[in-house]
Amino acid sequence: MSGRPRMVKVRQNVLKHNDLLARMLRGRFEEAGVLVISLVSTPGAGKTALLERTLTRMRADGLRVAALVGDLATENDARRLARSEAPVKQIVTGTICHLDAEMVQHALDDWSLADLDILFIENVGNLVCPSSYDLGERLRLVLMSVTEGEDKPLKYPTIFNTADVCVITKMDLADAVEFDLYAARENVQAIRPGMRTIELSVKSGEGMESYFDFLCDLCVSPRPSALKASVNAETAEIRRGAAE
Amino acid sequence: MHELSIALSMIEMANEEVVRRGGGRVTALHLKLGPLSGVVREALEFSYEIACQDTALEGSRLIIEDVPVMVHCARCRQDTVVESIQSLRCVRCGELSSEVVQGRDLEVVALEIEEVEELVT
């Protein structure tokens with residue numbers, strides 16, 4: 001025998017568990033004084049190449065850097081990143097298409113955060129699922145390579161909307177694939193107004209210095225609020241360029 | 001596709017509520033879903049049905065309320081629903097806005113629970 005169904009109010013965020021854990025991690029990172037930056041992109045946009053160069057350079061500059069790297073299978077990326085001689089740990093997610101706060105927490109179990117200046121977290125190559133999961137990072141970089149086309153932000157608005165900075169990679173190929181930088185920047189602005197874009201090529205070195213300067217400024221600035229400062233000037237410059 | 005793990009979390013939440021209320025069967029789950037949550041409605045509906053099997057939610061309906069994306073416009077001092085998530089502009093003045101006030105929602109708002117009474121013979 002059954003009674004009538006009763007309506008029961010719940011009002012609970014489905015990702016509450018992850019969000020609470022991420023908030024706790026963010027608190028731990030701040031307390032330890034470690035800047036945490038995550039990277040998201042499609043597979044093959046150049047996360048690992050950029051990260052390898054970043055770790056090598058920052059170590060040479062005397063910064064204590066480390067990386068966590070997520071992948072469905074293989075430890076290839078961790079091996080590539082380990083060439084920088086920075087501490088690196090692979091998170092093999094199995095069939096799971098994204099990292100979550102719990103995986104990050106477990107991976108950090110035997111690391112001392114106080115010994116780090118910057119921790120990078122390379123997410124699984126995927127522009128859909130990672131957007132739902134806060135990892136406790138202070139800054140999320142979304143990468144798009146010039147070979148993917150200018151409309152990537154329009155196709156994946158959610159992930160671009162959760163990111164703080166857009167890095168356009170493989171700029172050395174821009175002419176070969178007729179990449180329209182103006183259109184790409186406009187698309188980024190439509191999805192995430194005010195978001196800074198950084199264009200670079202790990203291979204040719206183009207744009208790498210301003211990218212490193214940007215990261216170094218973050219290390220000393222308490223909050224990423226400075227991010228938007230240069231955007232207005234940059235956008236005005238693009239508009240002028242288009243009008244000519 | 002992470003909708004299956006999202007569905008499992010929803011069911012876990014509902015189960016906790018059922019246990020807290022001393023048992024019963026869930027006949028419907030009401031969810032608020034925003035386009036910026038990163039969850040695809042169709043994939044969630046598909047996953048939900050599978051994930052409900054052999055639980056107190058088996059056969060229950062998933063009732064989704066679509067929540068539109070709303071931005072706050074600093075110029076108009078108003079919250080407006082955007083025309084497209086590909087363009088986060090105030091519909092009044094056309095200004096781009098980075099302040100999303102609604103649309104990331106992924107929230108279980110209510111459950112319909114049928115209390116199962118013991119059979120008296």
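**Figure 1. The loop that holds Thr74(A) in the predicted model.** In chain A, the loop between β3 (65-71) and α3 (76-82) contains Thr74(A); the model shown here and in the other figures is predicted. The phi of Thr74(A) is near 70 degrees, a positive value in a residue that is not glycine. Most residues other than glycine have a negative phi. With a relative accessible area of 42%, Thr74(A) is partly exposed.

**Figure 2. Arg11(A) in strand β1 of chain A**. Arg11(A) belongs to strand β1, which covers residues 2-13. Although Arg11(A) is not a glycine, its phi is positive, at about 50 degrees. Arg11(A) counts as exposed because its relative accessibility is 52%, and the cut-off for exposed is over 50%.

**Figure 3. The interface of chain A and chain B**. Contacts join 32 residues of chain A to 40 residues of chain B. The size of an interface is often given as the accessible area lost when the parts come together. Between chain A and chain B the buried area is about 3100 Å², and carbon and sulfur atoms give 55% of this area.

**Figure 4. Polar contacts and salt bridges between chain A and chain B**. Two salt bridges are found across the interface of chain A and chain B. In a salt bridge, the side chain of Arg6(A) meets that of Glu115(B), with an N to O distance of 2.6 Å. Across the interface of chain A and chain B, 15 residue pairs are in polar contact. On the side of chain A that touches chain B, β1, α6 (157-162) and α7 (181-191) each supply at least two residues. β1(A) gives the most to this side, with 12 residues. By class, the side of chain A that touches chain B has 16 nonpolar, 10 polar and six charged residues.

Definitions and conventions:
Residues are numbered from 1 along each chain as its sequence is written. Chains are lettered from A and ligands numbered from 1 in the order in which they are written. This is a predicted model: local features need pLDDT of at least 70, side-chain atom pairs count only at pLDDT 80 or more; totals for chains, interfaces and linings use all residues. Side-chain values use heavy atoms; hydrogens and water are left out. Helices (H or I, at least four residues) and strands (E, at least two) are DSSP runs, numbered from the N terminus. Buried means under 20% relative accessible area, exposed over 50%, partly exposed in between (1.4 Å probe, protein chains only). Contact means heavy atoms within 4.5 Å. Buried area is the accessible area (1.4 Å probe) that two parts lose on being put together, summed over both. A salt bridge is a side-chain nitrogen of Lys or Arg within 4 Å of a carboxyl oxygen of Asp or Glu. A polar contact is a pair of N or O atoms within 3.5 Å; within protein, one must be able to donate a hydrogen and the other to accept it, and residues adjacent in sequence count only if both atoms are side-chain atoms. Ala, Val, Leu, Ile, Met, Phe, Trp, Tyr, Cys and Pro count as nonpolar, Asp, Glu, Lys and Arg as charged, and the others, Gly among them, as polar.
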